[in-house]
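Take a look at the model below.

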Amino acid sequence: MTLLDVRDLKVHFPLGPDATLHAVDGVSFAVEEGDSFGIVGESGSGKSTTAQALMRLVEPTSGSVRLQDRDITHLGGAELRKLRHLLQMVFQDPYSSLNPRLRAGAAVREPLNLMNIGSRAQRERRVDELFAAVGLHPDAKRLFPHQFSGGQRQRLCIARAIASEPRLVVCDEPVSALDVAIQAQILNLLRRLQQEQRLTYVFISHDLAVVQHICTHVAVMYSGQFVEKAPVKQLFSAAKHPYTWSLMAAALSPDDRRRKESRFTVTGEPPSPINPSSTACRFAGRCPFATEKCRTERPVLTKIGDGHEVACHYAETLTPPMPELAAA
Amino acid sequence: MDRPVLDITDLRVEVDTGRAVHSVLDGVSLQLLAGRTLGIVGESGCGKSMTALAIMGLLPDRFRVSGGSIRLMGEELLQARPARLRALRGNAMSMIFQEPMTSLNPVLTIERQISEVVQLHQNKTAAEAREIAREMLRAVQIPSPEARLAAYPHELSGGMRQRVMIAIALACQPRLIIADEPTTALDVTVQAQIFRLLRELQDSTRTAIMLITHDLGAVAEMADDVAVFYAGKCVEKGQVDAILSDPSHPYTRGLMTCTPRLRLGAAALDAEQQELGEIPGMVPAIGRFPTVCRFLPRCRMADGRCANTEPPVVRVASDHTALCWKARPDEAPEMRAVR
């Protein structure tokens, strides 16, 4: 069953009479119940704004967001609040997303209070369950956020997010602020919770290895748009977009000490999101394969295989500059 | 073999909290050779940055070096007077920090910030310094360097700012560069550019680089030698291939298993996603380091001996040592213990 259906979502911020920042510029995707949909891209690509628009934390400029067949794009305060228990979010920075003056137990209980879920005693029991589910000691309920480490705080944020038994959890870079050993603990926790509670994730990250580890479907975002979208195995075995290649080539692995000289790198940096070109491929300025066509005609996301879509004029003809992908 | 550019022996650093004195670094010994990169890895709070600050003579208030020696080209830095350290910093040794925005002066132009260090250390005229600044911007591959000289830091992107930081660090052709998480704030494609740049510059200048990072991928990409830090001790060191393909210390092994790997091409198709390895618990805070083996509470291999007797420095191969009773469990420990 399709849980989340996003169509042509745009989030534009007016900056002045003739300048508009196109943070999200027409993205569409659907997420099946129980799947994890990953969005990868570099800073400024619009990943977080997409997440916030799904949560209705920023107003979409156009397009639609449907959750369980209900259009939530324009729901008002009271109606939206009634649906809040279904969609929850885990933020990147567990330091600034917890109220420093609220004890841990109260922080996790707060959504239950706000959404009027259960009796007082039931809420208390639910908090205990949640602490156990995320691997925190029940005694920790009495502590304040500053008494926890970063990893424990992120566990608290996850407990709070799943308190109301949501169907959809939007995770915005949930492990980026954490050390690698703690990151592994949190990723394992997120996967275990997904299996136990049949959660659906939208998972935002800049780290391809993390996304490959946790997601079932992946979209690669660049300058407010998806340039490639595919089931996870398809994407990592047969990526077709030069930008995806550049991300893959730039990802460093402790097992790989051979590529030093031959690594495929692109030059330059992403274009400005203010009044971006509508007649050219936005990656053309950095793409080593770009031709005149790329600079005059904008490629659209086109289906090239089972669930695999690419926005590149030459998706079918280019040879990947990386041996692993070329062989596949 | 060449004399090392930097030779650290048995370095100890303490912090005095007013109530108690706690160990921050304990018995750290490292060597850096010209033209080589030493990667320092470990989680936050393990003492990586403190080592860098101790070398530069920039330890924060209440922290002090309580023992050991730090020699730069044979010169003992711990005995050096402040004026001598000032003459060395930015000149013979320089540092690249993690956050390029906060380590550049927002009210000075790029030109002023690069030429300042040259004028200060190398007795150049303003015109000569300006010429060097222009050359440095070209060397770090900043497009249209002429125009960038007059720019202020806020007018540059994060990647460009980090290039400017590198230009400043390299302006006096130092023998040693300490790069403390230089790409952590940058995107991966920009990180790839910065790493390539650092390697090219090192090839031409033979500068020794100490790269502090939490990312084993960055170590694989950049380092020739590796030192793994845990809770203020260097628990394993050796050449990069030995450390990454055959780690001996349980902490290094743990770090390897909890790093998610990108699998491309055919490898992405087989192998279902597996659980990542975990190191239980977390790095203890300063002042709460366990006595005897500091990794013991998180170690799955620990036994009674680990709790009672200081772990030995075990030579697992030539140039590869680990501070652990369990390094190479197949051999008798007495045979390998060297101190």
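Two residues are in contact if their C-beta atoms, placed from the backbone, lie within 7 Å. This is a predicted model, in which local features need pLDDT of at least 70, side-chain atom pairs count only at pLDDT 80 or more, and totals for chains, interfaces and linings use all residues. Residues are numbered from 1 along each chain as its sequence is written, while chains are lettered from A and ligands numbered from 1 in the order in which they are written.

Start with the interface. Here 44 residues of chain B are in contact with 42 residues of chain A. On the chain B side, α8(B) gives the most, with seven residues. Helices (H or I, at least four residues) and strands (E, at least two) are DSSP runs, numbered from the N terminus.

Two strands pair if DSSP finds at least two bridges between them.

| Strand pair | Sense | Bridges |
|---|---|---|
| β1(A) (residues 2-16) and β4(A) (residues 62-67) | antiparallel | five bridges |
| β4(A) and β5(A) (residues 70-71) | antiparallel | two bridges |

Leu4(A) has Leu67(A) in β4(A) as its bridge partner. Arg66(A) stands opposite Asp71(A) in β5(A).

Now the helices of chain B. The axes (lines fitted to C-alpha atoms over the stretch in contact) of α4(B) (residues 110-122) and α7(B) (residues 158-170) come within 8 Å and cross at roughly 25 degrees. Angles run from 0 to 180 degrees between N-to-C directions. Those under 35 degrees count as roughly parallel, so α4(B) and α7(B) are roughly parallel to each other. Val117(B) of α4(B) and Val164(B) of α7(B) are among the residues that make the contact.

How values were computed:
Angles under 35 degrees count as roughly parallel, over 145 as roughly antiparallel, 65 to 115 as roughly perpendicular and the rest as oblique.
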